[in-house]
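Try each task yourself before you read its solution.

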Amino acid sequence: MARAIWTGVITFGMVTVPVGLYTALEDHAVHFHQVQRGSADRIRNKRVNERTGEEVAAKDIVKGFEVAEGEYVVVEPDELDEIAPGRSKAIDISDFVDLGAIEPVYFDRTYYVAPRGEEYAKVYELLRAALAETDKAGIATFVMRGKQYLTALRAEDEVLVLQTLHWADEVRDPARELPDLPSGRAGRGKERDMAVKLIDALSAPWEPGRYRDMYQEKVRELVRAKAEGEEVETAAEAPRATDVVDLMDLLEGSIERARGGDRGGSGSDTREGGRSGTRRGKRKAAEKPPSKADGASASSRGTGAGELRELSKAELYRRATELDVPGRSRMSRDELVDELARARGRDRKGDRDRRRGRKRAA
């Protein structure tokens, strides 16, 4: 059972409901210790005096703000506590705004909010249902661990969600900060219409369970392989940047591939001559005489490949990992389908051979 990291009340108008705040996210990243190369000796960080090189105890460390080179204004921890925002235990909603009006760049951390006791469930659900019906978010500030936060309180299906927001002066203006932004004229014409069609062809309902952190899985696979003395497979190179001259061909080929059921993805090869489905790539493939590898690929497509082509590349990679398919990290989606189909064919052949062997023995 999760434990509340903050308790207090939500107030809107003259209505108050006691609540607890709970972390909504879990960290599944692979964490490493620092060790010295060639040994198992851990590396530890120490706080040392820059001038003397001697270690300094935590109780003797204060905060200093540099006002000139080598000149600091020293601030004691209790002085910061005295001017900190009041130790308020209230999330006091001052405004309700359209949820869609809050630009995504303002959202920071996410927390679940729950009533502190069954007797407060009715008022809690009243607020949640009203926010859901109006598609509004309650804007409020509150204090947690000595820091004041700007927040948006919004409704999900069964729970209130509180999201901390960045303050306005923390969000950079992209027009002022970023170089080489395109003009409005760049997104017009036939290319724009084709890009819209591609987005329509690749559109799907939001299903977060379909997406997985493949990098973390590869990190775990790397650690396992090195621990067992196995070969470590390298990742495929990043695709080459699109040439403006080839843009229409690439857009049309992408739409054909998407409508054919191959949605590609960041791991698919979109370079010229790869499996991008572009007209240029198809012409080159047509001019090339069939090879033994092509014949094997064609035969594998008839061995359960239709079912495999319905899977995402992430799922194909997971199955390839289970079957220990060599070179899988460098394969495109089509290559994974072919290799898995061949592996399935080998398994079926092995089963038939074993059955024949048992019959002969009988």
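Two strands pair if DSSP finds at least two bridges between them. Helices (H or I, at least four residues) and strands (E, at least two) are DSSP runs, numbered from the N terminus. This is a predicted model, where local features need pLDDT of at least 70, side-chain atom pairs count only at pLDDT 80 or more, and totals for chains, interfaces and linings use all residues. Residues are numbered from 1 along each chain as its sequence is written, and side-chain values use heavy atoms, with hydrogens and water left out.

**Exercise 1.** Find out how many bridges join β6 to β9, and which way the two strands run.

Solution. Start with the β6 to β9 pairing: five bridges join these strands, and they run antiparallel. Next, find V113, which stands opposite L160 in β9. Now turn to strand β2 (residues 15-23): five bridges join it to strand β6 (residues 107-115), again in an antiparallel arrangement. Here G20 has A114 of β6 as its bridge partner.

**Exercise 2.** Work out whether L153 is buried or exposed, and list what L153 touches.

Solution. Then check its relative accessibility of 1%, which makes L153 buried (buried means under 20% relative accessible area, exposed over 50%, partly exposed in between, with a 1.4 Å probe and protein chains only). Last, look for contacts (heavy atoms within 4.5 Å): leaving out residues up to four places away in sequence, L153 touches several residues, including I10, V113, L160 and L162.

**Exercise 3.** Describe the geometry of the aromatic pair W6 and F142, and explain which parts the pair ties together.

Solution. Begin with the rule: rings of Phe, Tyr and Trp (its six-membered ring) pair if their centres lie within 6.5 Å; planes under 30 degrees apart count as stacked, over 60 as edge-to-face and the rest as tilted. By this rule there are three aromatic pairs. W6 and F142 form an edge-to-face pair, with 5.0 Å centre to centre and 80 degrees between the planes. W6 lies in strand β1 (residues 6-12) and F142 in strand β7 (residues 136-144), so the pair ties together parts 136 residues apart in sequence. W6 is buried at 5% relative accessible area, and F142 is buried at 1%. Finally, W6, F142 and Y149 form one aromatic cluster.

**Exercise 4.** Find where confidence is lowest and where it is highest.

Solution. The lowest mean, 36, belongs to helix α7 (residues 279-287), and the highest, 97, to strand β9 (residues 160-165). Where pLDDT is low, the predicted coordinates should not be read in detail.

Conventions: pLDDT is the predictor's confidence in each residue, from 0 to 100.
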